[in-house]
2 protein chains.
Amino acid sequence: MVQKPQKMAESWSFLDTVESNFRPLVVIELAKGTKEETIEWFTKRIADKKADGGAQLLIKPLVTENGHENIYLVGASHLRLLLGAENVGLVKECNDNSMRTFTYSSRKTFKDFADDNHNFLTMAECQYIIKHELENLRAKNEKMIPGYPQAKLYPGKSIVRRLLTSGILVQIFPLHDREELKKLRHSWYGRVRVGYQPLDDIRCYFGETIALYFGFLEYFTFALIPMAVIGIPYYVFAWEDYDKYVMFATFNLLWSTVILEVWKRICAVLTYRWGTLLMKRQFEEPRPGFHGVLGINPVTGREEPVYSSIKRQLRIYLVSLPFVCLCLYFSLYVMMIYFDLEQWALDYHNENESNFSSLMLYVPSIIYAVVIEIMNRIYRYAAEFLTSWENHRLESSYQNHLILKVLVFNFLNCFASLFYIAFVLFDMKLLRQSLATLLITSQILNQFAESLLPYWLQKRHNKRMKKLTCSQKTDADLSLAEQVNMEKEMGTYLGTFDDYLELFLQFGYVSLFSCVYPLAAVFAVLNNITEIYSDALKMCRVYKRPFAEPTANIGVWQLAFETMSVISVITNCMLIGMSPQVDALFPDSKMDLVLTVAFIEHLLLAIKFIMAFVIPDKPRDIQMKLAKLEFESLEALKQQQMKLAAESLKE
Amino acid sequence: MVQKPQKMAESWSFLDTVESNFRPLVVIELAKGTKEETIEWFTKRIADKKADGGAQLLIKPLVTENGHENIYLVGASHLRLLLGAENVGLVKECNDNSMRTFTYSSRKTFKDFADDNHNFLTMAECQYIIKHELENLRAKNEKMIPGYPQAKLYPGKSIVRRLLTSGILVQIFPLHDREELKKLRHSWYGRVRVGYQPLDDIRCYFGETIALYFGFLEYFTFALIPMAVIGIPYYVFAWEDYDKYVMFATFNLLWSTVILEVWKRICAVLTYRWGTLLMKRQFEEPRPGFHGVLGINPVTGREEPVYSSIKRQLRIYLVSLPFVCLCLYFSLYVMMIYFDLEQWALDYHNENESNFSSLMLYVPSIIYAVVIEIMNRIYRYAAEFLTSWENHRLESSYQNHLILKVLVFNFLNCFASLFYIAFVLFDMKLLRQSLATLLITSQILNQFAESLLPYWLQKRHNKRMKKLTCSQKTDADLSLAEQVNMEKEMGTYLGTFDDYLELFLQFGYVSLFSCVYPLAAVFAVLNNITEIYSDALKMCRVYKRPFAEPTANIGVWQLAFETMSVISVITNCMLIGMSPQVDALFPDSKMDLVLTVAFIEHLLLAIKFIMAFVIPDKPRDIQMKLAKLEFESLEALKQQQMKLAAESLKE
């Protein structure tokens, strides 16, 4: 039971373990006016012993100057965290430099482990463990949340998820560590310097998913540099010869295959070091938004909401699919309006030739780029709504359907006009101009909308907050209560989806028409360098700290990038085939030209697939380490069976 | 220690378990003149207790009329076999119809288990277990095989493998079960009937690899029937319209994608039922032929032969690769000779027109088909020699390199002339004629060389054997000694490689040029029906019983078939584009024709990939069952951790 704030001293009494220095890790914000009995029940369940079905965590109300505001701080004893680490299957480095799944009984064999070393687990790991334990706090015999009869429970239902969906729990978020964050900020973007990002520090602070995104962003930027370097002379010397473009395109195509394959290897190295490559997949729970009538899940045999798969299929094929097609049609319609505008601007320029009119030539493209961005963002909401309405049981299936919807639309929306210009209008000059305008405008808009605008809003908000509290303290001097109050108002980082999507579209701009506009890679590199800084700023300054999320790879994005690189082989071969210079090589027969181009295209595709097949996905030393681990676990199993066999045969 | 045959009664005394009815499962044949001390040591190691590092199996010398011939029969007690089943990770059906990994402690929960039911494990499973135990009988402190100082041993080296490589052990093979075999033969091919093969019986008798081959052969034959049915009217009504060919080709391409995807699902159903879908992969030992200097294996940390990976790469790229290229060149050279011959036959026919000369037209194709077969077989030996010389450490890596070498050569050797006729000579009539001759000749040759010839040789050999023993007994009446003596002389079945290769090439003949020769599918179906019977005959009558080999899928062949179906999209689109009828549709511009064909080709390829992506590899109920198993094992782990955590927190 939770005591009123004035009785704080006694409020520790219910804690099983006496922890002299309670370290707050996670903040739970309950809705204002939540009933007392609900709070009491919830905090008791969190603090209850594991054996009694509780989470056995430490929980403490936050006391501010305005009194008790239904905000609670959650922590855990060191021992509890270590047991939780075993529970989530954390993989840590051993004394012999190998990576192993942590178990409490073998704790002494792990590097840097000591009973008094509270930094063995990083703060991000501790917060992940607490989140996992909270989410796995399940209803026993409760039929509903005490005080809220409409919030139904059934045995095994996650209490936190039900509290969230019924609005009693406003949010759960991990606390920032001001000291650590300051250090991280300094090493990440605090000083202007050329070099790598502190990926391991980012991983310790923000977790693997975010660190892997920044790792990919950095790698991708470095990988684009050769393309940018080769692209510059095309601009400087105004190379218009197609043989040079052909060279560039061929390099580009093979290069993009190589970089995607090499990324898999680098990703394996990173995630092996971070332990997530070896981490076992946890059994997936239904996603929070999933609803249905109570039934028996055939897999778990438990009573939980079930939703007919046929109903979901009907929703997907009869509503979502037609809606997506309609959106695609609308996007094409907008594109045609853009071409009308373009024609109008050209006519205007021809009639009244002036500086103003030549500037006007760029206006339609810029307007179109802005409209594309707006449409992408609106569609994004629609896609999220629809996918959520499709009522997928698992988060992964929800994500896959969402990503598919968004990718198809964004691809068409961004590139349809370029395809139209290239393969219907055959206007290479306009293609180059549109490509440049679209690329640069979308980059500027993105940087502004994603990082700078929220940063500015956040800064203004902070200032107002500080004025309200009438204090002129710096960040480091803030009391815990002030820090929590400030952070709970910050925006929530919604995951790496948008960031990867931006890179994906950029990759499209760079590779799809690379033989027409080699300078695209230069802009991409410039954008990515500032992107690293603005994304870092966004993570450290604008958003609440996100929960760490272990991951072994960039998932479906690898496939998306690879598909894009296959499509770019086709488009580039077509562009080269259409060029007048290549045309001139086959003066007699257009047939021969097309056949040659088709042959080269198939050859390039074959080389791509063979390269993807031949380059191993994991470096040799990682392969060896994985083989060693597998060998050891099989040996252990065999030993165990041998012992059993010997015993059985003796009887 | 093994007693001399005259003291047979006492020879049981060394057996740990008193087994009243010793059932011989596996035969071990030692070389004539093997030293007595070696035999004594080897049999003792086999019979020794597990705890003393032995295999704890039952071993008994075979006594024939001619006395003791260094042939031993190996069996095991029922208990020993059950423990071995746990050791190899056998998966069996439980009482609740789910498939689970067998453990001795949970034996009561398995279907049909009873302490006195000795048929719980099939004979093939028992033999597999014994083979596994024999191969895992490892040297302890022996530095060499007693009596053979040149046959070095080191701790952990498999004794049986060393005995095999040093020629002391001639062969190990499982015994046929005359009764079972008779039943199987009867239900498999004993009566003429239309229906499915008894795949489950085949699996029980020959193991999963062979049963899966027959399953694939049957499935593939059924899958070809629609193509054959659609192909027949083309022959009957002499349809020469290209629109009909286009229809056929399109159907063919999509159909071939569908059948390959559906096979994965059927394969999952079969192997789930057989338990191999769930079976954990065992850690791979070095293959028997692998040699090198003694060193420390970085993965296992054990002392064993190591061979530098760079040396192997050098052998592959400096010897094998040039050799393969040379063979490919030679194959093309032979092809050119064939075209000279073809030209000569045509000239001859034009000069002296007669029945004989028109028959002569087919002669070059037939000769070429025979030469192709011969070259394929010779190359096969060369490829085996080279791959073995490359000294791969693992059997799987050896197999992959061998399959790659053989596939590339066979593909070129069989199809190069057809590609040449189609895309260089543009002679559709000749293409159809060559395709028919090649297909039919190779089918006849294969059936003859693979099954009928060995069967005939075997039959003649058996007759001679029977005459020698002067008995006119039928198979069933043979004594154990006679049976062993007969079976040890039978040929060894070398695995499913050749059988799959034959199907792969047949698939090439059917799909690569399907729009030119729709009748190919008819011949393929006819061939496969007889192939099932002749392969079954081969398995039951010609060869020694092979050891069962658990497998979850057809492995690299799935990839090979899929690659073939991608190539066939390209060839068929090209053939259609070249046809005069399609040509006539684009009277004005050849460009438009080629572009249209290229567009359709890309569209078909895209549909293929999307279909492969969308069709799930496992049927929904298998997915559910697998999810259920995963859930249960995770739950069990969690329970265990919770208990541990509760205990640790109490302390």
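I took helices to be DSSP runs of H or I of at least four residues, and strands to be runs of E of at least two. The model I examined is predicted.

**Entry 1: annotated spans of chain A**

I looked up the "transmembrane region" annotation for chain A; the unreviewed UniProt entry places it at residues 219-239, 245-263, 316-339, 359-379, 402-423, 503-526 and 593-615. I then examined two of these spans in the model. Residues 402-423 of chain A are 100% helix and 0% strand, and their end C-alpha atoms lie 30 Å apart.

**Entry 2: extent of the interface**

I turned next to the interface of chain B and chain A. I recorded 41 residues of chain B in contact with 41 residues of chain A. The buried area between these chains is about 4,100 Å², and carbon and sulfur atoms account for 69% of that area.

**Entry 3: polar links and composition**

I searched for salt bridges across the interface of chain B and chain A and recorded 0. On the side of chain B that touches chain A, the elements giving two or more residues are helices H2 (78-88), H17 (556-578), H19 (590-614) and H20 (620-650) of chain B. I noted that H20(B) supplies the largest share of this side, 15 residues. By class, I listed 20 nonpolar, 9 polar and 12 charged residues on the side of chain B that touches chain A.

Definitions and conventions: Residues numbered from 1 in each chain as written. Chains lettered and ligands numbered in written order. Predicted model: local features only at pLDDT ≥ 70, side-chain atom pairs only at ≥ 80, totals over all residues. Heavy atoms only, no water. Contact = heavy atoms within 4.5 Å. Buried area = accessible area lost by both parts, 1.4 Å probe. Salt bridge = Lys/Arg side-chain N within 4 Å of Asp/Glu carboxyl O. Nonpolar A, V, L, I, M, F, W, Y, C, P; charged D, E, K, R; others polar. UniProt positions renumbered as here; feature names shortened; annotations may be inferred.
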